[in-house]
Amino acid sequence: MLVIKSSRLMTTLLLLFVSYGAKADGFGPTQAVNGLFNQEQDLLIANFDSKPDPDDLQAVAALGTMLQHESLSNVNYLAVAGAYGVQDGSYIPSPKLFKLAFGKRWVDAHGDREAAVQAASELAQKTLQQGGDVWLQEAGQSDFSAALVKSIRAALPKLNSKQRIHTVQHSTWNENATTPEDLLYVREYTDYSKIPDGNGGGNGTPSFNNKDGQWWSRLAEHKALAPLWIEAKRLSDENNGHAGYDNPTIAVGGFDFSDTVEATWIFGFNQLETTDDFFKKFAAH
Ligand SMILES: [Ca+2]
Ligand SMILES: [Ca+2]
């Protein structure tokens, strides 16, 4: 028994040594990987509901800010506006904000959901056929994702979607405002991760909900990011309460981009704890 145990130990040690040596020498697939995302082949699809909570307007700006960072410069992505479920209240359109955050890399599921599903599906199929994985950031509900995954599976019937398509959700409220069969569908046919809620801290994801608004003045003077955050503030202030939800953090001039914890989780930045940490990391340059 002892012999077997020590030979197992030796094998383990050897494997550890080999993998450590490979990393130290810069070999292996880790170079392009940020967190869980491989920038050489994966695709991010970021779904925003913007209904009725105006915090998504700040989450759009926050993801746009992350994607401008040098460490994420090769991320292949598509943002989706109007990816809401069955909640009450009004949708808040923000085409100028999406353009500032994502250029032309976004689609409008409020204006034409079928066309948006089609465009996202084609992009996702290309990624999957080339060996990459697809990451769905659910800044809102999963109705759009369900339609998207159905379209992908119809086009690629041999695909193991549960292995290759990853859904990330942080909010029970978002889940409850999803059409129940759509939520069941994404849980069944994608690799579904429910991560801790970004509206609170100390739970394993950052707290991106903070009543302290000190960073607004610095963002308004930022060389590259000012237009994006000025538009996010204008829209979130203007719509708060009027769309059907009065966000208490936005009401007092704070920051709420809670849905961005899914992006920090996917890209490996969950060591950040607060909005202040976020801006120091992504907006200090
Ligand atoms: Ca949202
Ligand atoms: Ca929030």
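Pro 180, Glu 181 and Glu 188 are exposed on one side of helix H8. Helices (H or I, at least four residues) and strands (E, at least two) are DSSP runs numbered from the N terminus. H8 covers residues 180-189, and its buried residues are Asp 182, Leu 183, Tyr 185, Val 186 and Tyr 189. Down the axis of H8 these fall within an arc of 160 degrees, so they line one face of the helix. That arc is taken from the directions that run from the helix axis to the C-beta atoms. The buried residues of H8 pack against helices H5 (143-155), H6 (161-164) and H7 (172-176), and against E7 and E8. Contact means that the C-beta atoms of two residues, placed from the backbone, lie within 7 Å.

A word on the basis of all this. The model is predicted: local features need pLDDT of at least 70, side-chain atom pairs count only at pLDDT 80 or more, and totals for chains, interfaces and linings use all residues. Residues are numbered from 1 along each chain as its sequence is written, while chains are lettered from A and ligands numbered from 1 in the order in which they are written.

Now the sheet. Six strands form an open sheet in the order E5-E4-E3-E6-E7-E8, with parallel pairing. The edges are E5 (106-108) and E8 (191-194); each has a single partner strand, so one side of each lacks a neighbour in the sheet. Neighbouring strands are turned by 20 degrees against each other on average, direction ignored. The axes behind that angle are lines fitted to C-alpha atoms, for helices over the stretch in contact, and angles run from 0 to 180 degrees between N-to-C directions. Pairing requires at least two DSSP bridges between two strands. E6 (residues 134-138) and E7 (residues 165-169) pair over 4 bridges in the parallel sense. There, Val 134 stands opposite Ile 165.

Move to E3, residues 43-47. All 5 of its 5 residues are buried, so the rest of the structure largely encloses this strand. In a regular strand, side chains alternate between the two faces of the sheet. Leu 43, Ile 45 and Asn 47 are buried on one side of E3, and Leu 44 and Ala 46 on the other. E3 runs parallel to E4 (residues 76-81), joined by 5 bridges. Leu 43 stands opposite Asn 76 in E4.

What about the core? A nonpolar core is a set of buried Ala, Val, Leu, Ile, Met, Phe, Trp, Tyr and Cys residues joined through C-beta atoms within 7 Å. The largest one has 70 residues, and Val 60 and Val 80 touch the most other members. H2 supplies the largest share of this core, 8 residues. Beyond four places away in sequence, the contacts of Val 80 include Ile 45, Phe 48, Trp 106 and Phe 144. Helix H2 (residues 55-67) is mostly covered, with 13 of its 13 residues buried.

Last, a contrasting site. Ala 220 sits in helix H9 (residues 215-220). Ala 220 has 13 other C-beta atoms within 10 Å, so it counts as partly exposed. Ala 220 touches Ala 226, Trp 229 and Ile 230, leaving aside residues up to four places away in sequence.

Across the protein chain there are 13 helices and 10 strands. Of its 285 residues, 44% count as buried.

Conventions:
A residue is buried if 20 or more other C-beta atoms lie within 10 Å of its own, exposed if 12 or fewer, and partly exposed in between; C-beta atoms are placed from the backbone.
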